[in-house]
Amino acid sequence: MKRLFLLSFLAVAMLSGCNGNVSRQAGEDIGNECCAGKQATPLTREEIKSRSFGELFDTIDVKNIREDVFTLVGEDSGILTAGTPEKFNSMVTSWGGWGIVFGKPGVFHFLRSNRYTLELMREQQVYTVSFFDNEFKDDIMQFGMKSGRDSDKMKETKLTAVQTPDGNPAYKEAKIILECRLAEVTTVVPEDFYNEEDRKFVVDAHAETGEYHKLVLSQITKTWVRK
């Protein structure tokens with residue numbers, strides 16, 4: 001896991017020093033300055049559902065996201081979504097981070113090898129990572145309770161699926177959407193772990209799936225934030 005140490009260091013280096021509650025002066029360029037697009041009057045769920053992707057989101061440089069990445073990934077959790085408009089799946093991810101992947105802004109995830117979403121990510125080689133305000137916590141946790149491979153969980157969610165302009169599946173209720181292109185999928189091995197607890201974690205997972213966890217590295221191709 002030599003690469004994991006390097007990525008962890010880079011992820012910390014990428015973190016911004018301020019949170020997402022940024023006040024704006026009149027006439028300020030929201031698309032370039034905000035990180036999560038906070039509105040003076042938050043939209044209701046019904047209003048969100050009725051609006052188009054372009055009405056809800058602005059694209060910004062990923063370096064302008066000012067929310068704490070440790071909170072986004074470790075506490076808010078992200079939703080990985082991959083597939084086609086006809087067949088897509090989402091899963092909760094909270095192990096990973098942001099940093100530099102092969103010289104470009106990117107993300108990495110630590111995923112079980114049998115995840116259906118991972119299968120679709122590898123098929124399409126593109127996917128999205130979505131982050132949500134706390135009011136949607138219960139909605140996104142539903143994606144972690146069962147597999148979409150053998151259930152209708154994608155039809156059961158109250159979140160509203162939408163395609164980005166590039167055709168990648170995401171959700172209207174998200175506050176941040178990262179569009180990502182797969183760069184590498186690496187299989188971890190127990191011998192690379194120096195902490196016994198962590199080593200046991202991947203060994204136990206292998207006993208269930210017959211394969212070790214995957215370390216997924218991707219480059220961020222586009223960043224969207226709520227207006």
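A residue counts as exposed when its relative accessible area is over 50%, as buried when the area is under 20%, and as partly exposed in between. Keep in mind that this is a predicted model. A search of the whole structure finds 10 salt bridges; the stops below include three of them.

Start by selecting glutamate 208 and arginine 112. Their closest N and O atoms are 3.1 Å apart, and the two form a salt bridge. Glutamate 208 sits in helix H9 (residues 196-209), while arginine 112 is in the loop between strand S5 (104-111) and helix H6 (116-124), so the bridge ties together parts 96 residues apart in sequence. Is glutamate 208 buried or exposed? With 61% relative accessibility, glutamate 208 is exposed.

Next, select lysine 222 and aspartate 166, a salt bridge with 3.4 Å between the closest N and O atoms. Lysine 222 belongs to strand S10 (residues 214-226) and aspartate 166 to the loop between strand S7 (161-163) and S8, 56 residues apart. Lysine 222 is partly exposed at 27% relative accessible area, and aspartate 166 is partly exposed at 48%.

Now select glutamate 67 and lysine 175. This salt bridge has its closest N and O atoms 3.2 Å apart. Glutamate 67 is in the loop between strand S1 (57-60) and helix H5 (69-76), and lysine 175 is in the loop between strand S8 (169-171) and strand S9 (176-187), 108 residues apart. Glutamate 67 is buried, at 9% relative accessible area; lysine 175 is buried too, at 6%.

How values were computed. Residues numbered from 1 in each chain as written. Predicted model: local features only at pLDDT ≥ 70, side-chain atom pairs only at ≥ 80, totals over all residues. Heavy atoms only, no water. Salt bridge = Lys/Arg side-chain N within 4 Å of Asp/Glu carboxyl O. Helix = DSSP H or I, 4+ residues; strand = E, 2+ residues; numbered from the N terminus. Buried < 20%, exposed > 50% of the residue type's maximum accessible area, 1.4 Å probe, protein only.
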